[in-house]
Amino acid sequence: ILKLPTAAEVNEVGADLITSLVQTKPNAVLGLATGSTPVGIYQELIRAYQRGLVSFKQVKAFNLDEYIGLPATHSQSYAYFMKEQLFNHIDIDPEQTNIPNGTAADPHEEGKRYDALLESVGNIDLQILGIGHNGHIGFNEPSPALVSGTHVVELAEQTREANARFFEDKSQVPTHALTMGVGSILKAKTILLVAKGADKANIVHRALTGPITTECPASLLQTHPHLIVLL
């Protein structure tokens with residue numbers, strides 16, 4: 001657990017971990033996240049690429065989740081977010097960037113397809129995670145039981161409210177999403193959990209020191225052998 005005084009330092013350390021991984025393993029498999037938490041890390045990665053410190057030509061990327069019902073061209077889709085925030089600014093092969101298809105005819109089949117794709121590349125080398133105020137990781141919401149693989153999830157009211165700031169109003173926030181399951185996340189060789197701001201302090205404390213329970217999905221990260229937490 002690394003506690004850093006500023007968000008800028010969190011971003012630098014996070015980007016350094018990813019850059020050093022890709023420098024030593026050019027064909028690394030990265031698990032990527034969306035939302036405001038990783039944006040600063042992505043900006044640092046773009047700077048490292050522009051300075052010639054790292055190339056992403058052989059990297060494969062898998063995103064955690066996508067809203068159901070939003071096409072990849074929609075300005076609030078996570079496919080669009082990743083292009084705007086990272087992919088369009090580095091030399092990653094677009095064919096090697098993978099995001100669940102939010103407009104698939106059968107979302108449940110899409111979950112199976114995504115899991116098969118993950119299986120085919122072996123384990124993710126490094127998975128970036130944020131944490132929701134209710135302890136969700138990816139879109140795995142608190143629940144009496146959690147699904148291991150990629151699946152459809154109904155978004156909690158608190159999650160939709162937190163994401164409403166990106167839409168014109170809350171009614172436009174999708175009610176469902178496709179998300180990588182906790183089982184898939186925990187298979188990553190290294191997990192990088194990033195949390196910024198005093199408002200995340202309580203849930204981070206609960207996730208890292210409280211009981212391991214599906215009612216706080218992030219608490220399952222306590223079982224992982226190589227978890228790095230940037231605060």
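Which residue in β5 does L30 stand opposite? L30 stands opposite L126, and we'll come back to that pair once we've looked at the whole chain.

A word on ground rules: this is a predicted model, in which local features need pLDDT of at least 70 and side-chain atom pairs count only at pLDDT 80 or more, while totals for chains, interfaces and linings use all residues. Residues are numbered from 1 along each chain as its sequence is written, and side-chain values use heavy atoms, with hydrogens and water left out.

Let's start with the big picture. The protein chain has 7 helices and 9 strands; helices here are DSSP runs of H or I with at least four residues, strands are E runs of at least two, and both are numbered from the N terminus. The chain's radius of gyration is 16 Å, close to the 17 Å that the globule rule gives for 231 residues, so it is as compact as a globular protein of that length. (That radius is taken over C-alpha atoms, and the rule is 2.2 Å times the number of residues to the power 0.38.) Buried residues make up 49% of the 231 residues, where buried means under 20% relative accessible area, exposed over 50%, and partly exposed in between, using a 1.4 Å probe and protein chains only.

Now for the sheet. Its 6 strands run in the order β4-β2-β1-β5-β8-β9, forming an open sheet with parallel pairing; two strands pair if DSSP finds at least two bridges between them. At the edges stand β4 (97–98) and β9 (227–230), each with a single partner strand, so one side of each is left without a neighbour in the sheet. Further in, β1 (residues 29–32) and β5 (residues 126–129) run parallel and are joined by 2 bridges. This is where our opening pair, L30 and L126, belongs.

Follow the chain on from β1 and you reach T37, in the loop between β1 and α2 (39–50). T37 is buried, with a relative accessible area of 15%. Leaving out residues up to four places away in sequence, T37 touches G130, V194, K196 and K200, where a contact means heavy atoms within 4.5 Å.

Finally, take a look at β6 (residues 151–154), where the side chains alternate. β6 pairs with β7 (residues 176–179) in the antiparallel sense over 4 bridges, and V152 stands opposite L178 in β7.
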